[in-house]
Amino acid sequence: MVMVSRLETELKVRLEGAAAYQRVCRRLGPPADEWDQENHYYRSADGSIPGKSGVIRMRAEKGRVLFTVKLDGTLQEGLARAMEFELPWKGEGRGWPPPPESLWEVGHPGMDALAARRGGRLPLVWIGQMTNRRKTFRFSESLLLEVDASRYPDGCTDYELELETPDPDRDRALVSRRLEEAGIPYIPQVETKYQRFLRHLAT
């Protein structure tokens, strides 16, 4: 996998409960793919790195591990944007989840960007994990819809649609129309998964 450093733009829609999630999945038909994701999060002890507008995440899925850093994230009316740096994890043999100090040692451009902003490396801590069951559906010839059931450390589960898109206005209308035609309750997402993870961690 080649390193990804890009501006990620996604539509995020919160489904109102398990019944809405199950109805969406039935309406969309058999998924193109379905798998589990194990997400581990890190930050500085004071929470200033990466802050609530960023993410330091290790994700295990499909027999691989991806090391992702997101910076300068915004989420307004269900439209999320962030600068994303993603690489395969190069620290095999360091344990699982990887010890926090190892995240600075593998040569990751997102971590380098964080260090440059803070004038050096700050100690990190592992703060926990959450699991996500992801289903993907071919929404149109060019669009792949992700339907997520996310389980947090306190045992709560929530449900979400995500759609990576080059044209948010066009695709927001498309998603809204399909959900409304199916009578499925939803609202634009107001928190990222990481922000929801932090909220559930604090309860």
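Are Y41 and Y194 buried or exposed? Y41 is buried, and Y194 is buried as well. The close-ups below come from a predicted model.

**View 1. Y41 and Y194, a tilted aromatic pair.** Let's start with the count: the model holds five aromatic pairs. In the pair shown here, the ring centres of Y41 and Y194 are 5.1 Å apart and the planes meet at 45°, so the pair is tilted.

**View 2. Y41 with F197, another tilted pair.** Here the centre-to-centre distance is 4.7 Å, and the planes of Y41 and F197 make an angle of 40°. Because Y41 lies in strand β2 and F197 in helix α4, this pair ties together parts that are 156 residues apart in sequence. Y41 has a relative accessible area of 2% and is buried. F197 is buried too, with a relative accessibility of 0%; the cut-off for buried is under 20%.

**View 3. The aromatic cluster of Y41, Y194 and F197.** Y41 pairs with Y194 at 5.1 Å and with F197 at 4.7 Å.

**View 4. K62 over the face of W35.** Our last stop features a lysine and a tryptophan. K62 sits over the ring face of W35, 3.9 Å from the ring centre.

Terms used:
Residues numbered from 1 in each chain as written. Predicted model: local features only at pLDDT ≥ 70, side-chain atom pairs only at ≥ 80, totals over all residues. Heavy atoms only, no water. Phe/Tyr/Trp six-rings, centres within 6.5 Å; stacked < 30°, edge-to-face > 60°. Buried < 20%, exposed > 50% of the residue type's maximum accessible area, 1.4 Å probe, protein only. Helix = DSSP H or I, 4+ residues; strand = E, 2+ residues; numbered from the N terminus. Lys NZ or Arg CZ within 6 Å of the ring centre and 35° of its normal.
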